[in-house]
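Subject: Structure for you to look at

Hello,

Here is the structure I promised. Please open it and keep it on screen while you read my notes below.

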Amino acid sequence: MRWVLPDYIQDALPSDAHQLETLRRRLLDAFRVRGYQLVMPPLLEYLDSLTTGAGRDLELRTFKLVDQLSGRTMGVRADMTPQVTRIDAHLLNRRGVSRLCYCGSVLHTLPSTLTATREPLQLGAELYGHAGIEADVEILHLLAEVLRLAEVPASRIDIGHVGLFHALAARAGLVPGREEELFDLLQAKDVPALHDALAGVAEPVRSALLALPELYGGPEVLEVAAARLPQDAEIAALLGELRQLAAALADLPISFDLADLRGYHYHSGVVFAAYGADSPAALALGGRYDRVGAAFGRARPATGFSLDLRELAWHLPCSPAGLGAVLAPLAEDPELAAEVAALRARGGIVVTALPGHEGTWNEAGCDRQLVKRDGRWTLVPLQGE
């Protein structure tokens, strides 16, 4: 059974690998023409670098091992975002806006869902150095464009704000352990348990926290939130940010969910999740994480998103099969060599026929062959397969 892979780990066979690579190139090109520069962090780092500032969830998802050279604990990256943040804060050290993108395999100790892989192919874009709402608008428009280019357009983009929960939790005087419990209940939208957990919290904060699971819908829900949440300057400013987003993103299928706090452990502001028409789970996640860079010696405003390219490819619509490869005979013929070179220059796939394998070339994807007729090399359907 040496050929059996671990649970939730898969090979990518030729057709799937081609689809993934085509999609990867298309999306990275979309980042490039918008000024997002590609970076390639290492697969392994010391554990404290991989998980610093990123929250407990990331540490639990990270495979750990001991470095035989230094004796220090290392980790296999479970998320590339902290690595890119380290690059921006510590290596590039730019004073102005920095736009970075990336694509690479990450490894998770457990799958995020029952159908997810433990080796996502993470692709993402991050924008550093601008604290204004303009950066969030740019990133959300870029996310929508990426999904459109992948032919899996967003049917809904849910937007929340971690700052609202932090503000209410501070007013409730919750200790970190209770705040963690409350976060889990809000994520599950377990209203009965939420009532019990908030039994000792004074009004009006108790009612505000109980209202969060009900505050979801279109931009009109922000006015409902303004009426049901405490009337103070901080909360009014946070709701004002969401109103600005609603106005700037009127061309996108956005909705608001003020109890959606995924990424709460390291996000600091606006958070969002994008869904496709046939995807019950989010296709892409993102948000603002201004505090993470401080762990690398330089706090910078930051926002971005990432997605699993494997999951995205799984949702691609079926496309009709295109032309296959061309089989060329193994021959020392300058005219044949010129014809093969011309086909390859036009993007065609040409396979050279090695001797002794007649009748098997359709397995290599060949559906046509080059034959010499009337003194010229001509393309004809593959014979004898």
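Buried means under 20% relative accessible area. Keep that cut-off in mind, and note that this is a predicted model.

Start with the aromatic rings. How many aromatic pairs does a search of the whole structure find? The search finds three. In one of them, the ring centres of Y128 and Y289 are 6.2 Å apart. Their planes meet at 90°, so this pair is edge-to-face. A pair of aromatic rings is described by just these two things: the distance of the centres and the angle of the planes.

Where do the two residues lie? Y128 is in strand β6, residues 121-128. Y289 is in the loop between β11 (284-288) and β12 (302-308). The pair therefore ties together parts that are 161 residues apart in sequence. Both Y128 and Y289 are buried.

There is also an aromatic cluster, made up of F31, Y36 and F305.

Next, arginines and rings. R72 lies over the face of Y46, 3.6 Å from the ring centre. R156 places its charged end over the ring of Y275, at 4.2 Å from the centre.

Last, look at H161. You will find H161 in strand β7, which covers residues 154-161. Is H161 buried or exposed? Its relative accessible area is 2%, so H161 is buried. The side chains of H161 and E241 are joined by a polar contact of 3.1 Å. Leaving aside neighbours within four places in sequence, H161 also touches other residues, including L238, L261 and V270.

Best wishes

How values were computed: Residues are numbered from 1 along each chain as its sequence is written. This is a predicted model: local features need pLDDT of at least 70, side-chain atom pairs count only at pLDDT 80 or more; totals for chains, interfaces and linings use all residues. Side-chain values use heavy atoms; hydrogens and water are left out. Helices (H or I, at least four residues) and strands (E, at least two) are DSSP runs, numbered from the N terminus. Buried means under 20% relative accessible area, exposed over 50%, partly exposed in between (1.4 Å probe, protein chains only). A polar contact is a pair of N or O atoms within 3.5 Å; within protein, one must be able to donate a hydrogen and the other to accept it, and residues adjacent in sequence count only if both atoms are side-chain atoms. Contact means heavy atoms within 4.5 Å. Rings of Phe, Tyr and Trp (its six-membered ring) pair if their centres lie within 6.5 Å; planes under 30 degrees apart count as stacked, over 60 as edge-to-face and the rest as tilted. A charge sits over a ring if NZ of Lys or CZ of Arg is within 6 Å of the ring centre and within 35 degrees of the ring normal.
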